[in-house]
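Hi there,

Here is the structure I promised to pass on. Have a look at it first, and my notes follow below.

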Amino acid sequence: MKNTIKYVAMAVSILAFADGQAQSAKSKKQQTTYVGKEITKEHDAEIAKLISQMTLEEKIGMLHGNSMFTSGGVKRLGIPELKMADGPLGVREEISRDNWSPAGLTNDFATYYPAGGALSATWNPEMGYTFGNSLGQEMRARDKDMLLSPAINIVRTPLGGRTYEYMSEDPFLNKKIAVPLIVGLQDNDVMACVKHFAANNQETNRDFVDVQIGERALREIYLPAFEASVKEAKAYSIMGAYNKFRGEYLCENDNMLNKILRDEWNFKGIVVSDWAAVHSTVKSLESGLDVEMGTPKKFNEFFLADKLIEAAKKGEITEAEIDKHVSRILHTLYQVKAMGSNKRAKGSIATEAHYQDAYKIASEAIVLLKNENNALPLQLNGIKSIAVIGNNATKVNALRGFGAGVKTKREVTPLDGLKNRLPASIKINYAEGYLERYDVKNKGNLGDITINGPVTIDQLDPAKLQEAIEAAKNSDVAIVFAGSNRDYETEASDRRDLHLPFGQEELIKKVLEVNPRTIVVFIAGAPFDIKEVSEKTNALVWSWFNGSEGGNALADVLLGKTNPSGKLPWTMPKNIMDSPAHATNSFPGDKVVEYKEGILVGYRWFDTKNVTPLYPFGYGLSYTTFAFSDAKSDKDSYGIGDTITVSVTVKNTGKTDGKEVVQLYTSKSDSKIERAAQELKGFQKVLVGAGKSATISIQVPVKELAYYNVETKSWTIEPGKYTLNIGNSSRDIKNKIDVNIQ
């Protein structure tokens, strides 16, 4: 890590010993708590002097876009434009200054990184830092000041168009991945712009839908990752969301932007609007917005442009209020060394080192869902041919869909990966199998996506189907690459349902009929209805929109070079109506959507209501097996200010080195308040050699057990007995420990 990081390291002992033997080795692993660098008051005097020299028009020019991805500077005073870039998958290609068309440059290629869903599936905060640090270097190479990322909204519905980008259905997992990502990014003198604040959990009617959430659910589910981004990672900027919250648009929501974000959390950075998410002039500024960005129209026509100048001249808003927002922007520019004498971090982009960062994340993200009869990893002895079937074997996703992609020189597809990794003696028989087609008449074509999502043509092409059947028949093994893509899962629309598009389910069944040795690999960012496919195939693998090296990472998992260690960051339902937002008939709403499930989001609903998922939250298999033992807490009883330390020994009982994720969930059976059956409060990923053991510890601050007390408007810890559930998924609990909270 760069020496600019501020972090607190807590030593965690790992005891390694052979099966059945005494301790033979001892090592230490560092469990890092990432803490960001606070925006300082170091440059107050310079900032006050600059503001005193600025005209009203120059000040207001800094509060709104003056191009698609910059807000104004003041050249005569040495104040640069604030330069932004989209970047959930990598630094977006350069866009024209006054419209969405690409600038057509030849030097704006970048690394394509795995999407947010993949990153959270690693269950590894270190990968969060790797992502942020690597992407931060690319931002600096492109001379950008602010990354419009990460997106950390809760996955409330499996149908969400941006589920692939958002991280998880769980606030604890979200914050544990988001915080190191932000710290890694900002270590490179780049602002993270954490989005979309807040309660922005659907694309349907996102421009105006009024979200109604109970205060407890808001505080316990939808805000924790944002709060940690501010308090722990010290994020320099926040993006306001499109939608309304309790009747007020979120870019002019005084309660959210001033009272919670600034007064409660002490946020010192700037609030930037989502593009064209502003609806007022004086109100939005006084309610906490700092910078208005938007879609193509004359930039002087923005609410915080000529309209604000006019309002100021009429006395509808004070110049002191305007100065406050200009000061915030200047502070962040100094903080990332876009201004001042401090030397700024240098960058690098599309390097082999960054491609390898993408590979590491992709490798740890892949989830093994099913593996009967040791179908995986593929044993190549005696195999002379492999059928590779499916449009997804060759589909590229980096620069697709509606929204932020990345222009890259390297995107290894699954077919490429297998060609790179298989010996030349094995013949690959490729067949496209299904066609990616959309019903133009129903406005399902790309570029004209309705709020109901793309409409697909699900009939298989007979010639393509026959080609796939012949390839499967004439090959020793078949691999079907199915699922989705970034044209189908996309910003600006939610999916209509969970069905596999383009006739893929029928294709998979037909291939299985002629070749039982068929492996199914899903490439997607969100759940699908795969119940029947799961029942019929021996091996099922879940990959993601997995970056520049995704195909190589996937091939290495299929061939056993890499032992899969990814875990699902959301629940895979058997049926869409099993998911809480749908079971309560509270998605998508019309003008108003009420989150009727309250705190029971994701696995909390499934576990509390005893609904069996297809694959549970936190689930993921390995090519080896693990056993947990000797789970214990350091004490039996704790006070409110204490930290619970739980240790557990993880033994690799198989013949292959592997990584396991130890997950800690808490529950309180005799609670006086409504609670979920269990809640994730700790996890740790550990590498254990074949036949070896490792003893790890997980720290849980007692304050993590608090619930939000709506009556007292405070976090309250209910005394009494709590059960700590230790497992490797939310539905596979291996050990239970009871502790008492005084």
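Below is what turned up on the nonpolar cores and on some of the strands. Please keep in mind that this is a predicted model.

Let me start with the cores. The largest nonpolar core has 160 residues, and the members that touch the most others are Ile79, Met84, Phe197, Ile322 and Phe481. Helix H5 (residues 171-186) supplies the largest share of this core, with nine residues. A second core is separate and holds 41 residues, among them Leu369, Tyr434, Val511 and Leu568.

Which residues does Ile79 contact, once its neighbours within four places in sequence are left aside? They are Leu50, Met54, Met62, Gly73, Val74, Leu330, Leu333 and Met339.

Next, the strands. Five of them form an open sheet with mixed pairing, in the order S21-S29-S28-S23-S24. Strands S21 (637-638) and S24 (679-688) are at the edges; each has a single partner strand, so one side of each lacks a neighbour in the sheet. The pairing of S21 with strand S29 (residues 732-741) is parallel and runs over two bridges. Within it, Tyr638 has Ile741 in S29 as its bridge partner.

Elsewhere, strand S9 (residues 237-240) pairs with S12 in the parallel sense, over four bridges, and Met239 has Val272 in S12 as its bridge partner. On strand S12 (residues 270-273), Ile270 and Val272 point one way while Val271 and Ser273 point the other way, and all are buried.

Best wishes

Methods: Residues numbered from 1 in each chain as written. Predicted model: local features only at pLDDT ≥ 70, side-chain atom pairs only at ≥ 80, totals over all residues. Heavy atoms only, no water. Core = buried A, V, L, I, M, F, W, Y, C linked by side-chain atoms within 4.5 Å. Buried < 20%, exposed > 50% of the residue type's maximum accessible area, 1.4 Å probe, protein only. Contact = heavy atoms within 4.5 Å. Pairing = 2+ DSSP bridges.
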